[in-house]
Amino acid sequence: MVQANEKITVAFNVNGGDVEIGVTPETALVDMLRDGLLLKGAKRSCDMQVCGACTVLVDGLPVSACTVPAFEVRGKSVTTIEGIAADDRMAGLTDAFIDNAAIQCGFCTPGMVLAAKSLLDCNPHPSEAEIKDYMRGNICRCTGYKKIVEAIQEAARKALQG
Amino acid sequence: MTQQEFNTVGKSVRRIDSFDKISGRAVYSVDVVVPGMAYAKLVPSPLPHALIKSIDASKARALPGVYAVLTAAELVNMETHYGSDKKDRPIVAMNKVRFQGEPVAAVAAVDLATAEAAAELVEVEYEELPAASDLTSALLPDAEPIHDSNYCHEYGYEWGDVDAAFAGCDRIFEDTFLFPMVYHYAMEPHTCVVSYEHDRIRTWTSAQHPFLVRAELARIFGMQLDQVQVVVPYVGGGYGSKSYTKIEPLVAALSREAGRPVRLAQSVEESMKTVRRHAARATIRTGVMNDGTFVARECLSYVDTGGYTDNGVRVTERISDRIVGPYIFDNVRVKSYGIYTNSTPAGSFRSIGGPQASWACESQTDIIAEALGIDPIQLRLKNLAKKGDEVRRGKRPLEGDLAPKLQMVLDKFGWDNYQREDPSPTVKRGIGFACNVTNSGASPTSTSLVRFHADGSSTVYIGTTEIGQGSRSVMAQIAAEELRIPLASIKVIGSDTDSVPYDRSTGSSRSTTLMGLAVQDAAVDVREQLLEIAAKHFETFADQIEAADGKATFKGESMTFGALIREMFGGSGGELMGRGYVTQNHASGRLTQDPVFWEVSIGAAEVEVDEDTGTVKLLRYVSASDPGKAINPKQVEGQDEGAAMQAIGHSMFEEMLFEDGQFLNPNLVDYRVPTFEDLPGEFETVLIEFGDGPGPYGSKGVGEGGIVCVAPAIANAIFNATGVRLRELPLTPERVWRAIEKSKQ
């Protein structure tokens, strides 16, 4: 049995590179990413899976990293905002956020962009209602959401045009 | 300068912090790591009102890994209290606690887990006192006093002969309206790292007003301003919650005690127990003539400032300033009281007192219109203040006519051609309107420094906090415009009190107007220096030189600004510096009167009400933002949309609930804020650009207006749909359903 302070090794892929890191069993994924790997893009806010500020993708699907134990990503692929920012293929999405003024304080932005990527991966041409439904787990207190919806619509449109 | 001549002003250029924020590399206070820092945990009071009989921190101090425990006993050789208007807040509770969650002690330890374990070991013995966690119970004659009394502040003003005027009115209306306690939910909870060293204090904090925090820390610890450094990284939302001083003194005192840097990163729950918006009860009495002429108004408001004053003084004043509405009354008597209660202290929140005041006065405007059988828009237009009117006597006259601004919103909404279509006999639709003007609380004290480098690029230094509003982009646009260089050649350095010059604060929609003028002046100062240098080079007069595109040109001959600077210094380098000072006596002459400007708020709503369930759906909302001149139009829209959405929250469902002083919903599950699904089907902002503001290019402040009129517009729409008048927020299905049921009886 693992003792409370005993570290367990988690081997996984993050943003395309393999890593191995020792964490305690109770360590949350968001803390392993932020404190262990210095990937500070994911933010802590509500700590109860409501706000989406800590959203990262695990095997392509969005999770709230505040409530996922770090050891659960063993052998999986994690994508953080740092991985998106370094990926030229994602420029359409990130440019759409910037050009539509869908960013204000920016605290929700990394999680918002990752949720939007996940949406467009599974539904490349979402309707406005589908965007609102899919994105409802990501809170933004600054923008009032309208410009984020517009950004996602523009990213989808531009992807369609190739 | 005409509009066509602008290069970057008036364009929705990309925010200059875009890449930082989209890439995750933007550093917020929560990301700051200082070598050797300890981690802090607060020991909150479980009781809303109690005397502290004893505190025993010996077990906590004995825990391995604990560096220090701060209690009131450690607040020695320093000032013990802080606060913006009243210094009534102890750094940790002294002798008594006044709200549930008030820090009684704080622990610094090697890591957070140890700090949390130690916090559990701090033993506090209380003697419980009766708690009053709302206005009604705090105002009872036998209520247990929370401070010397439960009255924090009183304010009022009067003009005309109010009693005589009421006596001569055809009709008198009296209504009371309730506004709930609501929470900002800035997504980044209050976070602060302080390194207290023997001759200086270094602070990294999520503060809106770094220079006020610096002054407060200097006063508390007996240091000079130059010994205190306050750095504000990017801030994850504020909306007023991070105004003035919050957790910084506690963290500084804990760092002094621990002998090392200390980080306190609050949870959302802890931040919900740090600050909130004032709940309010407002009674308005209005005397009118049968033709709809407004004659006399008397208002009595109470605002609930919680356990400590925080910004309660100003909020008490502002609700009274804003409750008369945008109308001309010859007879006014207004009074307001700030009241202590055993609940989270209440501070600034986007338009202090504004939504509370407008909820009351603009709901009543429709009540009057209905009773007199006058169209609510016509009633407003009949009494609306005009350009140059002193809408509050003795204050700055209104900059521009309101009627055309109202019409822009009505046109966008399609008000005049509205065809009501009820989906069913019990699902009804209706429209509502509201408007107000709010006196900006902006103090005209800002300074800026512009450095112009020898390669033609420039660095702009501002004390404005980048809190999401896009101040850095707007300041860069103003500087680029005045320096005649591309936007890409500008870098903006934000809030670090060691390196940027003084700015009073970031709030009250003040930055574009006031810091904007400071940056404009500093940039013009540099440009004039460049023209002088160019005049020497070309052996002519400065006014003969044309400055554009980073070059000085005379008779077809050009030289880059950078080359001119290098030539002046006689080598490869050198730089110019420009400064901008904004005071009440600014050379423009536009800042002498209070307020610096009036912020305009206008909103129109269409709702659908299900009478069987009380559910209200906001189908459409059209808001207005009146920036005078939009320096970055999309950012202006974004401010307005965000403000309106926050108001949709306090109108429809947001409410902090207290029972016997216990805070029942201090988390994001039980306290719901708007999500994507609350976005109205149509959600528009009308930009009003009449160039009538005192800021650069005729600009003035926006960002608060959007939050002011949503609630009354929605309630007026519900009345229009159902004939039922709601006087208490939020407009939850239960409250709406009960009101509908009551109306049937």
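Helix 13 of chain B crosses helix 14 of chain B in a right-handed sense (left-handed if the near helix is turned anticlockwise from the far one by less than a right angle, right-handed if clockwise; helices are DSSP runs of H or I with at least four residues and strands are runs of E with at least two, numbered from the N terminus). The model is predicted, with pLDDT of at least 70 needed for local features and 80 or more for side-chain atom pairs, while totals for chains, interfaces and linings use all residues. Residues are numbered from 1 along each chain as its sequence is written, chains are lettered from A and ligands numbered from 1 in the order in which they are written.

The axes of helix 13 (residues 471–483) and helix 14 (residues 511–538) of chain B come within 8 Å and cross at roughly 30° (axes are lines fitted to C-alpha atoms, for helices over the stretch in contact, and angles run from 0 to 180 degrees between N-to-C directions). Helix 13 of chain B and helix 14 of chain B are therefore roughly parallel to each other (under 35 degrees; over 145 is roughly antiparallel, 65 to 115 roughly perpendicular, and the rest oblique). On the side of helix 13 of chain B, the contact involves Ser471(B), Val474(B), Met475(B), Ile478(B), Ala479(B), Glu482(B) and Leu483(B) (C-beta atoms, placed from the backbone, within 7 Å). Helix 14 of chain B contributes residues including Ser511(B), Met515(B), Gly516(B), Val519(B), Ala523(B) and Arg527(B). The contact of helix 13 of chain B with helix 14 of chain B comprises 10 nonpolar, five polar and two charged residues (nonpolar: Ala, Val, Leu, Ile, Met, Phe, Trp, Tyr, Cys and Pro; charged: Asp, Glu, Lys and Arg; polar: the others, Gly among them).

Another helix pair in chain B is formed by helix 6 (residues 210–221) and helix 7 (residues 248–258), which pack at an angle of about 45° with their axes 10 Å apart. That angle makes helix 6 of chain B oblique to helix 7 of chain B. The crossing of helix 6 of chain B and helix 7 of chain B is right-handed. Val213(B), Glu216(B), Leu217(B), Ile220(B) and Phe221(B) of helix 6 of chain B meet Glu248(B), Pro249(B) and Ala252(B) of helix 7 of chain B. This contact holds six nonpolar, no polar and two charged residues.

Chain B is assigned domain 1 (3–26 + 443–582), domain 2 (32–129 + 188–236 + 241–272) and domain 3 (279–441 + 595–744) (bounds from an automatic or database domain assignment). The centres of domain 1 and domain 2 of chain B, taken over C-alpha atoms, are 39 Å apart. Contact between the two involves 16 residues of domain 1 of chain B and 13 residues of domain 2 of chain B. The side of domain 1 of chain B that touches domain 2 of chain B consists of three nonpolar, eight polar and five charged residues.

Between the chains, 41 residues of chain A are in contact with 42 residues of chain B. At least two residues of the chain A side come from each of helix 2 (81–85), helix 3 (91–99), helix 4 (109–122) and helix 6 (146–161) of chain A. Helix 3 of chain A supplies the largest share of that side, four residues. The side of chain A that touches chain B has 21 nonpolar, nine polar and 11 charged residues.

Several loop residues were also examined. Leu75(B) lies in the loop between strand 3 (66–70) and strand 4 (81–82) of chain B and is buried, with 20 other C-beta atoms within 10 Å (buried at 20 or more such atoms, exposed at 12 or fewer, partly exposed in between; C-beta atoms are placed from the backbone). Residues up to four places away in sequence aside, Leu75(B) touches Thr80(B), Ile91(B) and Ala253(B). Its C-alpha atom is 9.5 Å from that of Glu257(B), 182 residues apart along the chain.

Pro444(B), in the loop between strand 18 (427–439) and strand 19 (446–453) of chain B, counts as buried with 22 C-beta neighbours inside 10 Å. Pro444(B) and Val582(B) are separated by 138 residues in sequence and by 6.3 Å, C-alpha to C-alpha.

Most residues other than glycine have a negative phi, and most peptide bonds are trans. The bond from Asp594(B) to Pro595(B) is cis, with omega near -5°. Leu729(B) and Pro730(B) are also joined by a cis peptide bond, with omega about -5°. Asp47(A), not a glycine, has a positive phi of about 65° and is buried, with 20 other C-beta atoms within 10 Å. Tyr185(B) has a positive phi near 45° and is buried, with 25 other C-beta atoms within 10 Å.
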